[in-house]
Amino acid sequence: MIIGCHLSASKGYLHMLKEALSLGANTFQFFTRNPRGGRAKDIDPADIAAFLGESAQSGVEVILAHAPYTLNCCSANEDTRRFAVETFADDLARMENTPGMMYNFHPGSHVGQGAEKGVQLIIEALNSVMFEEMTTTVLLETMAGKGSEVGKSFEELKSIIDGVELSGKIGVCLDTCHVFDAGYDIVDNLDGVLEEFDRVIGMDRLKALHLNDSKNPLGSHKDRHERIGEGFIGAKAFERIVNNKYLKDLPMFLETPNEPEGYAREIAMLRLASKEQSDE
C-alpha cells in the first residue's frame, strides 16, 4: 500500500521524507510554493541529492507536488491566466530536479465564461507549458463543482485530456471528497463509479488518490474535507476504496484536517483495513 499525507515543504525534501517515514507513510504530497501563490523557495541541490539517495533506500518511489490554489488557467482575467501559466511552467521546470514524479493541479474556475470556454483555456495553458522532455506526469484533480469549477464531471476532464498534445504525460487524481460532493456515489456504488470513469476517461489515466472524508452529503458541491470515518463517506467506504482492485496499488494521499499525529493514526487505520481485507 502506497500511502502518505500532505506535508510542509518549508524545510526541504529530505525533511519531508523523514517526517513521512516517521508517520508510517511511504509517500507524501507538498505544495510547490505558498498555496495562495508567490515565489517558490530556491532549490537546494544538496537537499535534492540527499532526498534522492534516502528515498531510494527507504522505498519511497513516488511523491506528489500540488500547485498553489491561485493557479487558475481558465480565469476570465488575463493577468490571472498569465500568472497561472508562468507559475505552471516554473513548477514543471523545478520538478525535473526530482525526475519521474507527479504534479497535481485544480483545473480552475471559468468565472462565468462557461465550462466549454474554461476547458479551451485549460487546454491552451497545458499545451503551452508541457514539454517533450519532461519526466513529470501532470494530474488533473477531480473537483466538487463548487461555483464555476471545471472538472466536476468525468466528461469535463476527458474533454481537457483530449485536447492535450502530450497526452501520454497527463492523468487524473481522484479526490474522494470531491467526487462524492460532485454526486458520484462512492459509498454505495464504488464499482459503478469506477466503471463510469473507465468508460469515459480510461482507468489507465487514474494515477493517484486524495483520501478525504466529506463534511457534506452526496452531491452537495461544497468541498469541505473531514477526517477519515468522521464524515458522510464513512470508514466502511474507505475500507472498500483501499482494497478495490483498481485503486489499491495507486499512491494515496491524505488531505484531512489533521496534525501529524492525526495523519499517523489515519495511515495506521487504513493500513490495517487493507491488511485485514487481504488476510480474509
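Tutor: Then start with β2, which is covered on both faces: Thr27, Gln29 and Phe31 on one side and Phe28 and Phe30 on the other are all buried. Buried means under 20% relative accessible area, with exposed over 50% and partly exposed in between (1.4 Å probe, protein chains only). Strands (E, at least two residues) and helices (H or I, at least four) are DSSP runs, numbered from the N terminus.

Student: Why do the side chains split into two sets?

Tutor: Because in a regular strand the side chains alternate between the two faces of the sheet.

Student: What kind of model is this?

Tutor: The model is predicted, so local features need pLDDT of at least 70 and side-chain atom pairs pLDDT 80 or more, while totals for chains, interfaces and linings use all residues. Residues are numbered from 1 along each chain as its sequence is written, and side-chain values use heavy atoms, leaving out hydrogens and water.

Student: What does β1 pair with?

Tutor: β1 (residues 3–7) pairs with β2 (residues 27–31) in the parallel sense, over 4 bridges. Two strands pair if DSSP finds at least two bridges between them. Glycine 4 stands opposite threonine 27, and leucine 7 has phenylalanine 30 as its bridge partner.

Student: Which strands make up the barrel?

Tutor: There are 8 strands, closing in the order β1-β2-β3-β4-β5-β6-β7-β10, with parallel pairing. From one strand to the next, the twist averages 30°. Helix α1 (residues 13–22) packs on the sheet and touches β1 and β2; its direction makes about 135° with that of β2. Contact means heavy atoms within 4.5 Å; axes are lines fitted to C-alpha atoms, for helices over the stretch in contact, and angles run from 0 to 180 degrees between N-to-C directions.

Student: New topic. How do α3 and α4 cross?

Tutor: The axes of α3 (residues 78–95) and α4 (residues 115–129) come within 9 Å and cross at roughly 35°. Residues that meet there include Phe88 and Leu92 in α3, and Leu121 and Leu126 in α4.

Student: Last one: where is asparagine 244, and is it buried or exposed?

Tutor: Asparagine 244 lies in the loop between α8 (235–243) and β10 (252–254). It counts as buried because its relative accessibility is 8%.

Student: What does its side chain contact?

Tutor: The side chain of asparagine 244 makes a polar contact with the side chain of aspartate 191 (3.4 Å). A polar contact is a pair of N or O atoms within 3.5 Å; within protein, one must be able to donate a hydrogen and the other to accept it, and residues adjacent in sequence count only if both atoms are side-chain atoms.
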